[in-house]
Amino acid sequence: MTKSTSTLNAGDPVISLHNVSKWYGQFQCLHNVSLDVGKGERVVVCGPSGSGKSTLIRCINRLEVHQEGQIVVKGLEMTDNIKSIDAIRRNIGMVFQNFNLFPHLTVLENLTLGPTLTRQMKKADADELAMHFLRKVRIPEQAQKYPLQLSGGQQQRVAIARSLCMEPEIMLFDEPTSALDPEMIKEVLDTMIELAQSGMTMIVVTHEMGFARTVADNVVFMADGRKIESAPPEEFFGNPREERTRAFLDQILKH
Amino acid sequence: MTTASPQFPAALPAYDPLARISAGDWLKKNLFGSVWQGLLTLITAAIFLRFAWFVLDWGVINAVWYTSDPDVCRAAAGACWAVIVEKHRPMLFGLYPYDEHWRLVLMMAIYLVTIVVSLMPRNWNLRLLVPLWVIAVVSIGVLMFGGVLGLRYVPTSEWGGLPLTMLLFTGTVLFGMPVAVLLALGRRSPLPVARGVSVVFIEALRGVPLITILFVAVNVFPLFLPAGVEVNKLLRITIGIAIFFACYQAEVIRGGLQAIPRGQYEAAASLSLTYWQTTRRIILPQALRICLPAITNHIIAAMKNTSFVIIIGLFDILTATTAVMQDPLWRKFYVEAYLFVAGVYLFFGYALSLYARKVEGWIASGRI
């Protein structure tokens, strides 16, 4: 039998969601959502709050469990099997709205924990890798500090560096700038733009439409747990097909 | 307009944070602010002075400090501290053979050095602590039991006094804490069996008095063992106290676990850490820091619970003192003897709470 990852052909999507549905009790929060993301593709997911966009990307690395449909990452289907969950998570980095750094560890320890524990990296190598990514996000001088000693923007950049230390092929961003003060949003977005330019496959849930315009290959609009439309940014912003999309864009772009 | 309007009251006098307050002002403000307050101050001071005078008069001025003749004490109006000098050895060492008491002194010295070294953060590396504890446990075992190196064998039934209290207490904490952590984790586990076992265990044992558990451990438990198999009584009672301790401590730790935000678990999951990696490296270090004050509370309680060994006829420091005070010549001075025991408990209890406060400081300053 061939290994499941070898069934992936060039040009196949690295992430493929097919008719994914999810319920919280009686309430259906995802309705048959399908989405394909190719290698190096940047997808921005937007929509009003409660539209299921966070839930959708959290299903991709199994922070939420979908009940129907298929989620395939690099040819491997996400199932209850711990091994498949683990294999998929190793390929996916995630950045959260509230950073979720480990407050009892220094910045450097936050970054090296994953590589030393799950990738059996030697401490010296992990330190070197961590410093490399801290330089990338431009805060190498904060390595010995604790997360709560940093500003929100710096914390979020540490969180991005922490994910990158796992050297994932895909990065998920769950409203990465929503908890930040306005003057810190730019530094985080700049980091994300650089990451996009380096060819990382990214799915970003965000309300930052400027970011979507700059880096997205595809913008997905969700409402009430449904994917309403998806289009490249110029088309999405210039000529939205659906009434709900237009209403949403009117609201967030007007001021 | 010269008077302040109700909407705009006159400004308060400027507040000067550096202003010194005179002693007279302080007294007036804090102790004699009003007639009623002044009266209360005077009454409280009178009661306090009366008590302080009693302590001084009874405990120091008229006290007998050193005599081997109880009649001297009887003739005195004050405390008879001589009883402690006279009886300290059976009180501190219980039934342990008199000529072997030096072994217990040595044991306590080793014990205290080991504990003090282990509690200092700069010594927290396994390369030091593992050999230290191996040496300490072996040498304490040799000293207490004997039977080798020309030392006379002393069975656990003759152990007693302060060393017994120390051993029971240490055994309780060392065995009880890991069990408490496992029970707390089990109670929050998604696995129904682990959760069920933990809930039943905690609720059943927390619901009965400690004395019941010890009675079961001592009298009922042996009935379930196959004939010929015997588990040492001292070990059984230590496990009994430890499990009781663990059930309470588990609920404290569960409180700490519940305070950890879900995002911490999610971040760990996204780094594909396993359950045990997440628990050990992310969750427990934070949870235990949060509930440290309550953990300390139960540890101090556990120290005093060791006195329950009275029910299996072992003589810890409290029971040993009670036994010693049966001596008809000295029994009149039991108050002094118990005050001494209280002092010993207070010393260790207060040392524990001072240490815990220190640890809280270290945590707050990010040192640990």
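Q: How are H5(B) and H6(B) oriented to each other?
A: This is a predicted model, to start with. H5(B) and H6(B) are roughly antiparallel to each other. The axes of H5(B), residues 101-119, and H6(B), residues 126-145, cross at roughly 165°. They come within 9 Å.

Q: Is the crossing of H5(B) and H6(B) left-handed or right-handed?
A: The crossing of H5(B) and H6(B) is left-handed.

Q: Which residues of H5(B) and H6(B) make the contact?
A: On H5(B), they include B:Trp102, B:Leu106, B:Ile110 and B:Thr114. On H6(B), B:Leu129, B:Trp133, B:Ala136 and B:Phe145 are among them.

Q: How do the residues of the H5(B) and H6(B) contact divide into nonpolar, polar and charged?
A: There are 18 nonpolar residues, three polar and one charged.

Q: Next, H7(B) and H13(B). At what angle do they pack?
A: About 140°, with the axes 9 Å apart. H7(B) covers residues 161-187 of chain B. That pair is therefore classed as oblique. The crossing of H7(B) and H13(B) is right-handed.

Q: Which residues make the contact of H7(B) and H13(B)?
A: H7(B) brings B:Phe169, B:Thr172, B:Val173 and B:Met177. H13(B) brings B:Ile295, B:Ile299, B:Ala302 and B:Met303. By class, the contact of H7(B) with H13(B) has seven nonpolar residues, one polar and no charged.

Q: What about H12(B) against H13(B): at what angle do the axes cross?
A: Roughly 70°. H12(B) is residues 275-290 and H13(B) is residues 292-305, and their axes come within 5 Å. That makes H12(B) roughly perpendicular to H13(B).

Q: Where do H12(B) and H13(B) meet?
A: B:Leu288, B:Arg289 and B:Ile290 of H12(B) meet B:Leu292, B:Pro293 and B:Ile295 of H13(B). Five residues of the contact of H12(B) with H13(B) are nonpolar, none is polar and one is charged. B:Ile295 came up above too, in the contact of H7(B) with H13(B).

Q: Switching to chain A. What is the strand order in the open sheet of six strands?
A: S6-S7-S8-S3-S9-S10, with mixed pairing. S6 (92-95) and S10 (226-231) of chain A stand at the edges. Each has a single partner strand, so one side of each is left without a neighbour in the sheet. The twist averages 15° from one strand to the next.

Q: In which sense do S3(A) and S8(A) pair?
A: Parallel, over four bridges. S3(A) is residues 42-46 and S8(A) is residues 201-205. A:Val43 stands opposite A:Ile203 in S8(A).

Q: Which strands does H1 of chain A touch?
A: S3, S6, S7, S8 and S9 of chain A. H1(A), residues 53-60, packs on the sheet, and its direction makes about 150° with that of S7(A).

Q: And which strands does H6 of chain A lie across?
A: S3, S7 and S8 of chain A. H6(A) is residues 182-197, and runs at about 150° to S8(A).

Q: What about the open sheet of four strands: what order does it have?
A: S2-S1-S4-S5 in chain A, with antiparallel pairing. The edge strands are S2(A), 27-37, and S5(A), 76-77, each pairing on one side only.

Q: How many bridges join S1(A) to S2(A)?
A: Seven, and the two strands run antiparallel. A:Val20 has A:Val33 in S2(A) as its bridge partner. S1(A) and S2(A) form a hairpin with two residues between them. A:Gly25 in the turn has a positive phi of about 60°.

Q: And how many bridges are there between S1(A) and S4(A)?
A: Five, in the antiparallel sense. S1(A) spans residues 15-24 and S4(A) spans residues 68-73. A:Ser21 stands opposite A:Glu68 in S4(A).

Q: Last topic, the interface. How many residues of chain B are in contact with chain A?
A: 18 residues of chain B, against 23 residues of chain A. The area buried between the two chains is about 1,700 Å². Carbon and sulfur atoms give 60% of that.

Q: Which three residues supply 32% of the area that chain B buries against chain A?
A: B:Ser270, B:Leu271 and B:Ser272, more than any other three residues.

Methods. Residues numbered from 1 in each chain as written. Chains lettered and ligands numbered in written order. Predicted model: local features only at pLDDT ≥ 70, side-chain atom pairs only at ≥ 80, totals over all residues. Heavy atoms only, no water. Axes fitted to C-alpha atoms, helices over the stretch in contact; angles between N-to-C directions. Parallel < 35°, antiparallel > 145°, perpendicular 65-115°, else oblique. Left-handed = near helix turned anticlockwise from the far one by under 90°. Contact = heavy atoms within 4.5 Å. Nonpolar A, V, L, I, M, F, W, Y, C, P; charged D, E, K, R; others polar. Pairing = 2+ DSSP bridges. Buried area = accessible area lost by both parts, 1.4 Å probe.
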